[in-house]
Amino acid sequence: MGSIIVVMPKTEDAKKIAGALRSRGLNVDMATSLGAEALQCMNSRDYGVVVSGYRMQDMSYLDLNDSRPKYFEMILLVSESKLYACDESAVNIVTMPLQVPRLVDAVNVSMSRMDRQVSHDKKGPGSRSEEDRRIIEEAQVIVMNMRGYGRIESYRFIQKKSMDNSISMVDMARHIITNGCL
């Protein structure tokens, strides 16, 4: 589960907002009035959402947004009077006065987006272990020698055979290494 960090100009406001989120079942890791503390907390977490005011004691939301880690989204709480000055393309905005259900929805949407992004990136290219890559490469060499395929064709051959047999590519590669090319 990702982290939720609340940073507002006044610590009391940050604690009230964190309390409102907690009362709706959300786990808030930190409530602070300092952007630097929020950044430190974000940098020690894997991913999450930062709920921010327009201006904290030590920085603006723009400074915080520019410094936030890749896997954190920002939700800006801002009054209608300051909405014109906000870069709406850079952050998610919830207008004040605060309506807790709208904020909870925004946090849940942002957290779901971060969950998917982190999951997608972890499953992306290069997610195989070094040993699994070595096994597939060894099987590719066997397929290239026995079938006269190039590197890409041998990879696709192993990939197709693994799909046809409903087993992983690594298991198909092991089968090819053990039994020779199919």
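Contact here means heavy atoms within 4.5 Å. The model is predicted, so that local features need pLDDT of at least 70 and side-chain atom pairs count only at pLDDT 80 or more, whereas totals for chains, interfaces and linings use all residues. Residues are numbered from 1 along each chain as its sequence is written, and side-chain values use heavy atoms, with hydrogens and water left out.

View 1. Helices (H or I, at least four residues) and strands (E, at least two) are DSSP runs, numbered from the N terminus. Leaving aside neighbours within four places in sequence, A14 is in contact with V6, M8, A31 and T32. A14 has a relative accessible area of 0% and is buried, where buried means under 20% relative accessible area, exposed over 50%, and partly exposed in between (1.4 Å probe, protein chains only).

**View 2. The salt bridge between E73 and R113.** A salt bridge is a side-chain nitrogen of Lys or Arg within 4 Å of a carboxyl oxygen of Asp or Glu; in this pair the N to O distance is 2.5 Å. The pair links distant parts of the chain, with E73 in strand β4 and R113 in helix α4, 40 residues apart. E73 is buried at 12% relative accessibility, while R113, with a relative accessible area of 33%, is partly exposed. Not counting residues up to four places away in sequence, E73 touches several residues, including G48, V49, V50, N92 and M114.

**View 3. The salt bridge between R45 and D29.** The closest N and O atoms of R45 and D29 are 3.1 Å apart. R45 lies in the loop between α2 and β3 (48-52) and D29 in strand β2 (residues 28-32), so the pair ties together parts that are 16 residues apart in sequence. Both residues count as partly exposed, R45 at 32% relative accessibility and D29 at 29%.

**View 4. Pairing of E130 and R133 within helix α5 (residues 130-147).** The side chains of E130 and R133 meet in a salt bridge of 2.8 Å, N to O, and, being three residues apart in the helix, E130 and R133 are separated by about one helical turn. E130 counts as exposed at 58% relative accessibility, whereas R133 counts as partly exposed at 29%. Salt bridges that share partners also join E131, R134 and E138 into one network.

**View 5. Backbone geometry at P97 and S166.** The peptide bond from M96 to P97 is cis, with omega near 5°, and P97 is found in the loop between β5 (92-96) and α4 (100-123). S166, although not a glycine, has a positive phi of about 55°; this residue is found in the loop between α6 (151-164) and α7 (169-179).
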